[in-house]
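Subject: Structure for you to look at

Hello,

Here is the structure I promised to pass on. Please open it and keep it beside this email as you read.

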Amino acid sequence: MERLGSKQEVRQAVGEARREGKRIALVPTMGALHDGHLSLVSAARERADYVVVSVFVNPTQFAPGEDFEAYPRDVARDIDLLGAEGVDLVFTPSSEAMYAPDAEVMVEPGPLGAVLEGATRPAHFRGVCTVVTKLLSITTPDLAFFGEKDYQQLAVLRRMVRDLDLPVKIVGGPVVRECDGLAMSSRNVYLSREERAAAIVLYRALRSAETLALDGERDAHVLADAMRSLVESEPLAEVDYAVVADAITLQPLDTIGPAPARGLIAARVGGTRLIDNLSLEVV
Ligand code: AMP
């Protein structure tokens, strides 16, 4: 496995792989890798001959006052994990290598980036779209893998690739969870023992909406209220949003079915902001 930090070197290495006729996959990450990331790497391994993983804590998707500095970083451990997964190339640029000091053009996500996460974090998806566009441009993959853990991010990026005619196929991977249901996240290390125990309330709330839906409840507001009250019943948790939305447009729904619906929750547990989501099936 190669580890490279410069865009030029990456272009060269990927160019060689392409000349050898290899199918190229990209898995963008911010590092502090866990089994959620590795599930995407293994999906990429299955569908491509040359797998690139980027490890880059992207400053432009953090607002001032968010956790950019505190974000967990352990590149040596990440490299070990990716080596064991059979990754071909790890791209670990510095911020300076990634962004010219006078760079000013950014990619606007449009309305899909303004709701939910975008309502609380207004510049977040602009940063995500910009860095992903740059990573796609540098690594020119056939396939790019993203987790459903960041469900809105996946929706925004699918839309971006469609609207900008970017020559890549976006592939989504399911949320990987701890044994008790908590969605794996690099930010879970921020949680104290009590907060870690409280944090499963997000998944419990999503599951309660799923059960109601499977039992025949079609009123999306009833489902959303059920999620919200369950999260609110946990003293350490504070709800940011708990909604039932169209799975593609992310617009809030009045009723669920027949179009696919998604339950989405963001909540603070102690000082840590957590997000989770679940498909709400109608049978
Ligand atoms: P991050 O390092 O948090 O930017 O995540 C990199 C990629 O891994 C994104 O596409 C995330 O959606 C995905 N990811 C993070 N956590 C999980 C998880 N628990 N299950 C599946 N994918 C995940």
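Which residues of H6 meet which residues of H7? From H6 come Phe-125, Val-128, Cys-129, Val-132, Thr-133 and Leu-136. From H7 come Gln-152, Gln-153, Val-156, Leu-157, Met-160 and Val-161. Contact here means heavy atoms within 4.5 Å. By class, this contact has nine nonpolar, three polar and no charged residues. Ala, Val, Leu, Ile, Met, Phe, Trp, Tyr, Cys and Pro count as nonpolar; Asp, Glu, Lys and Arg count as charged; the others, Gly among them, count as polar.

Some ground rules before going on. This is a predicted model, where local features need pLDDT of at least 70 and side-chain atom pairs count only at pLDDT 80 or more, while totals for chains, interfaces and linings use all residues. Residues are numbered from 1 along each chain as its sequence is written, and side-chain values use heavy atoms, with hydrogens and water left out. Helices (H or I, at least four residues) and strands (E, at least two) are DSSP runs, numbered from the N terminus.

**Helix packing**

H6 covers residues 124-139 and H7 covers residues 151-163. They pack at an angle of about 55°, with their axes 11 Å apart. Axes are lines fitted to C-alpha atoms, for helices over the stretch in contact, and angles run from 0 to 180 degrees between N-to-C directions. H6 and H7 are therefore oblique to each other. Angles under 35 degrees count as roughly parallel, over 145 as roughly antiparallel, 65 to 115 as roughly perpendicular, and the rest as oblique. The crossing of H6 and H7 is right-handed: the near helix is turned clockwise from the far one by less than a right angle.

H6 also packs with H1 (residues 7-19). Here the angle is about 50° and the axes are 8 Å apart. So H1 and H6 are oblique to each other too. H1 brings Lys-7, Val-10, Arg-11 and Val-14 to the contact. H6 brings Lys-134, Ser-137, Ile-138 and Thr-139. These residues divide into three nonpolar, two polar and three charged.

**Cysteines**

Cys-129 is buried, because its relative accessibility is 1%. Cys-179 is exposed, because its value is 92%. Buried means under 20% relative accessible area, exposed over 50%, and partly exposed in between (1.4 Å probe, protein chains only).

**Leu-38**

Leu-38 sits in helix H2 (residues 35-47). At 11% relative accessibility, Leu-38 is buried. Leaving aside its neighbours within four places in sequence, Leu-38 touches Leu-81, Leu-82 and Glu-85. Leu-38 and Val-176 are 138 residues apart along the chain, yet their C-alpha atoms are separated by 9.6 Å.

**Backbone points to check**

Most residues other than glycine have a negative phi, and most peptide bonds are trans. Leu-116 has a phi near 45°, a positive value. Leu-116 lies in the loop between H4 (95-98) and H5 (117-120), and is buried at 12% relative accessibility. Leu-250 also has a positive phi, about 65°. Leu-250 is in the loop between E7 and E8, and is buried at 2%. Pro-258 lies in the loop between E7 (237-246) and E8 (261-269). The peptide bond from Gly-257 to Pro-258 is cis, with omega near 0°.

Best wishes
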